[in-house]
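Open the model in your viewer and keep the selection tool ready. Each stop below says what to select and what is there.

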Amino acid sequence: MNIYLCGPISALPIDQARQRFAQAEADLRAQFPHATTINPMTLPHQHADEWADYMREDIAALMQCQAIALLPGWEDSKGCRAEVGIASALGDFAFYARDVHGAFFAITDSNVWNEFVFAGARQLAAKLFSPKKHSNDGC
């Protein structure tokens, strides 16, 4: 089984993103020793430094996988939401998320998966569409 790591990259300092992905990859390898982990941070990207170019190559790597492991913060990332959308639409992916102890667990119930995705979407919507607080500047 190939497991694709899905987590925010461009929203973090690059060294922090590399560290988070390296730790997640090590954790997945320890938990699933017979699986191959696909880490987008270590793919041999051969293109200009543009987000869309990274996504094209990352999605091509995702298409070689049977599972996707979601790292914290994935729901706030445009790229992660695209990757999760593709994996969900294909319907034959296994989904893994981290529990409170950092171990990965499988989301096997479609109702739980839908709630998991929609909870992330609701959280994002609340962030994007919450009323902005205006300071009282005396006007």
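Start with Ser77 and Cys80. A polar atom of the Ser77 side chain lies 3.1 Å from the backbone nitrogen of Cys80. Before going on, note that this is a predicted model: local features need pLDDT of at least 70, side-chain atom pairs count only at pLDDT 80 or more, and totals for chains, interfaces and linings use all residues. Residues are numbered from 1 along each chain as its sequence is written, and side-chain values use heavy atoms, with hydrogens and water left out.

Stay on Ser77. Ser77 sits in the loop between strand E3 (67–70) and H3. Helices (H or I, at least four residues) and strands (E, at least two) are DSSP runs, numbered from the N terminus. Is Ser77 buried or exposed? Ser77 is buried, with a relative accessible area of 15%. Buried means under 20% relative accessible area, exposed over 50%, and partly exposed in between (1.4 Å probe, protein chains only).

Now select Cys80 and Cys6 together. Cys80 is buried at 2% relative accessibility. Cys6 is buried too, with a relative accessible area of 0%. How many disulfides does the structure hold? The count is 0. A disulfide is a pair of cysteine sulfur atoms within 2.5 Å. The sulfur of Cys80 is 3.6 Å from the closest cysteine sulfur, in Cys6, so the two are too far apart for a bond.

Next, select residues 78–90. This is helix H3, with 13 residues. H3 reaches 19 Å from its first C-alpha to its last, close to the 18 Å expected at 1.5 Å a residue. That expected span is 1.5 Å times one less than the number of residues.

Color the buried residues of H3: Gly79, Cys80, Glu83, Val84 and Ala87. Look down the axis of H3: these buried residues fall within an arc of 130°, so they line one face of the helix. The arc is that of the directions from the helix axis to the C-beta atoms. An α-helix has 3.6 residues a turn, so residues three or four places apart point the same way. On the other side of H3, Lys78 and Ala89 are exposed.

Zoom in on Glu83. What does the side chain of Glu83 make with the side chain of Tyr4? The two side chains make a polar contact, at 2.7 Å.

Finish at Gly91. Just after H3, Gly91 takes a positive phi of about 80°.

Conventions: A polar contact is a pair of N or O atoms within 3.5 Å; within protein, one must be able to donate a hydrogen and the other to accept it, and residues adjacent in sequence count only if both atoms are side-chain atoms.
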